[in-house]
Amino acid sequence: MSIVLKNVTKQFGGVAAVNNVSFSVNEGELMALLGPSGGGKTTVLRMIAGLEMPTTGDVFIRGQRVNDLSVQERNIGFVFQNYALFKNMNVFKNIAFGLKIKKWKRADIKARAAELLKLFQLDGLEKRYPHQLSGGQRQRVAIARALASKPSVLLLDEPFGAVDAKIRQELREELVKLHHELNVTTIFVTHDQEEALEISNRVVIFSRGRLEQVGAPREVYEQPANEFVATFIGVMNVLNTEVKDGVAYLGELQFPAHDQPNGTKLRIGFRPYAVQVSTDLTLYPYRAVLRHTFFLGVMLRLEFELPSGLTLRSRMTKEEYAQLGLEDGREVSLQIRNYRVLARDDSGLPPEKEFKYQPPPTIAEHI
Amino acid sequence: MAGNVKRKANGDSHRKSRRGTEESPAIKWALIGVAMAFCTVFLLLPLVNVFAQALSFGVKTYFQALIQPYSLAAIRLTLLVAGITVPLNVVFGVCAAWAMAKFNFRGKSLLITLIDLPFSVSPVVAGLMFVVLFGLQGFFGKFLLEHNIRIVFAVPGIVLATMFVTFPFVARELIPVMQATGTEQEQAALTLGASGWKTFWHVSLPSVKWGLIYGIILCNARAMGEYGAVSVLSGHIIGRTETMPLWVESLYQGQTDASTAAAFSVASLLALLALITLALKTFLEWKQAREYERAQQSQAPPMVGETGFLMRQDVR
């Protein structure tokens, strides 16, 4: 285990920004800390770095408890959101700064800097100052600087923060490639779920200071631990149903709920792709009208309205759409293939289980 | 008829070309004229006059007035006072600005107000405060007399008065610069293993370099030019406790033409100092503005197509 957090809490003026969080990061892993802003993910990153001290709980780096170690002693590389390059130093001096501080020999510093300049495609730019670099070059300098003294972990705070879509894609791929080449344990903070799912080995999801789930991207997408994760990761249809005689109802929609007593309220969720559509009105149990079609590129998002007024969201490719001969206003039949119970009795989220992934209770898979 | 219409249309388009918020040219030029005339009469003419008067008895008299022993003593004392007060105020200013810009604490706004106090207190009153504290009848008077320490009517008093008056200059210049720089660069230095002192020396100080120099220059100009507070504490002992401004005044009181010319000679040195200060100030303001622009730039998001991986692939 490269990094372990055990029951870490951080309070700012009595408010818990991070609340009893535990998780671990494996050596060489590319880990995303994901959550909406204010979720506590940056605070967690800063506590690993030593820029913030936990109020309670322990942080371990490579088996060593680092609570009492200062930032300087932790041997971490940190890339700030705005890169925080030293604007009065050129690229070479920026990269060499940490090595000089650690009293490396001049020749070694030169060799290491040259190696990094080459690796990050910065050769020829060593005399430039930060304001003379493009955004991408600046980020590469920031990462090179952070990696110069071979830290045990690379920490990145919103590395693709305020960047437009195209460049963000390039930077993502670059980070993945870098991680492949160097295999250094990397943790990055992001509020973009797509980004986290795309490039990380595992994702830690936070909301309001609490850890909601840890898992591989596929795992958190397909088996969300709770309603927050389910709705935060990807799009989800969420229905508030009520059980009557072993069936959960909302409008005309019915979901089997054999073992649930009457009057139980179940919150049921399903992904858009779980909604199957046919123009044969007798094929599937529910009738609906296609209200809106949204073009998302290759995929289309469809909104169907049921006779009771309920709206369901679905997704399909352009080809499927054309094959079915769909258009706005067309009447169709629907069925819902996979769904899960997100919450019971409206009592909120199911009880938290840290560390280990616990699948939420499901009643039955429909078909 | 047709010509009439055309001219009218022209007139309209002229009027439209001026923005609604803009004054008419007459008002614009009148305002500029008033400002220029004011500057000429009250600033430029007196300045030129100082040099004209100083040189009215010829270059030789001019330099003789400067190298006579009492003038040299005044120059020496002025340099000594500035040499003590400016470094002390730099240390204080950096500490105060650091505290203001990087920390939040109770009484912060009170401290900022206190730093500004010397700006709002008349220098004469400031001088009197020290006389009341350290004079023979003063609060510490007896103690100082017993221990044979002289502050009032001696060099320490002049230094104290100058310190008080120049107190806000460095801090005032640094606070906004430090606030704008933020703490990220310093945090980055810490994560790279730098100690607090090394971070300060290699990262914090260079990034506020121009603001600091700016503050030092203003502080120095005031330290050398201060009259009121110093006058109260100096006792006007010629050759011992007279700084340049005081010596100019003494010479001018001499009432002979020669001493008036000598007064203007010494005054011309102070005027020269003012001009150099002004030039440096303008240069530093320009430098700082550029620095700020760059800092803004280096935080802006990267532009499309400028980076990375795809380009790298192409190269291979």
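How many of the eight residues of helix α10 of chain B are buried? I started my notebook there, keeping in mind that this is a predicted model.

**Entry 1: helix α10 of chain B**

I looked up residues 184-191 of chain B and found six of the eight buried, so this helix is largely enclosed by the rest of the structure. I wrote down the buried ones: B:Gln185, B:Glu186, B:Ala188, B:Ala189, B:Leu190 and B:Thr191. Next I checked what covers them. The cover includes pieces of chain A, namely α1 (41-49) and β6 (76-79), together with α9 and α11 (196-207) of chain B. After α10(B) I came to B:Gly193, which has a positive phi, near 100°.

**Entry 2: α9 against α12**

Helix α9 (residues 168-181) packs with α12 (residues 209-225) of chain B at an angle of about 160°, and their axes are 8 Å apart. That angle makes α9(B) roughly antiparallel to α12(B), because anything over 145 degrees counts that way. I noted the crossing of α9(B) and α12(B) as right-handed.

Which residues of α9(B) meet α12(B)? I listed B:Phe169, B:Val170, B:Glu173, B:Leu174 and B:Val177. Among their partners in α12(B) I noted B:Leu212, B:Tyr214, B:Ile216, B:Leu218 and B:Arg222. Sorted by class, the contact of α9(B) with α12(B) has nine nonpolar, two polar and two charged residues.

**Entry 3: the nonpolar cores**

I then went looking for the largest nonpolar core, and it has 103 residues. Those with the most contacts inside it are A:Leu33, A:Ile48, A:Ile95, A:Ala144, A:Leu155, A:Ile187 and A:Val204. Leaving out residues up to four places away in sequence, A:Leu155 touches A:Leu45, A:Ile48, A:Ala49, A:Ile76, A:Gly77, A:Phe78 and A:Ile187. Apart from this core lies another, of 61 residues, and B:Ala65, B:Ala161, B:Ala229 and B:Leu233 are among them.

**Entry 4: two positive phi values**

My last stop was a pair of loop residues. A:Arg208 is not a glycine, yet its phi is positive, near 45°. I found A:Arg208 in the loop between β9 (202-207) and β10 (210-215) of chain A. B:Phe153 is also a residue other than glycine with a positive phi, near 60°. B:Phe153 sits in the loop between α7 (141-146) and α8 (155-166) of chain B.

Is B:Phe153 buried or exposed? I counted 20 other C-beta atoms within 10 Å of B:Phe153, so it is buried. A:Arg208 has 15 such atoms within 10 Å, so I put it down as partly exposed.

Conventions. Residues are numbered from 1 along each chain as its sequence is written. Chains are lettered from A and ligands numbered from 1 in the order in which they are written. This is a predicted model: local features need pLDDT of at least 70, side-chain atom pairs count only at pLDDT 80 or more; totals for chains, interfaces and linings use all residues. Axes are lines fitted to C-alpha atoms, for helices over the stretch in contact, and angles run from 0 to 180 degrees between N-to-C directions. Helices (H or I, at least four residues) and strands (E, at least two) are DSSP runs, numbered from the N terminus. Angles under 35 degrees count as roughly parallel, over 145 as roughly antiparallel, 65 to 115 as roughly perpendicular and the rest as oblique. A crossing is left-handed if the near helix is turned anticlockwise from the far one by less than a right angle, and right-handed if clockwise. Two residues are in contact if their C-beta atoms, placed from the backbone, lie within 7 Å. Ala, Val, Leu, Ile, Met, Phe, Trp, Tyr, Cys and Pro count as nonpolar, Asp, Glu, Lys and Arg as charged, and the others, Gly among them, as polar. A residue is buried if 20 or more other C-beta atoms lie within 10 Å of its own, exposed if 12 or fewer, and partly exposed in between; C-beta atoms are placed from the backbone. A nonpolar core is a set of buried Ala, Val, Leu, Ile, Met, Phe, Trp, Tyr and Cys residues joined through C-beta atoms within 7 Å.
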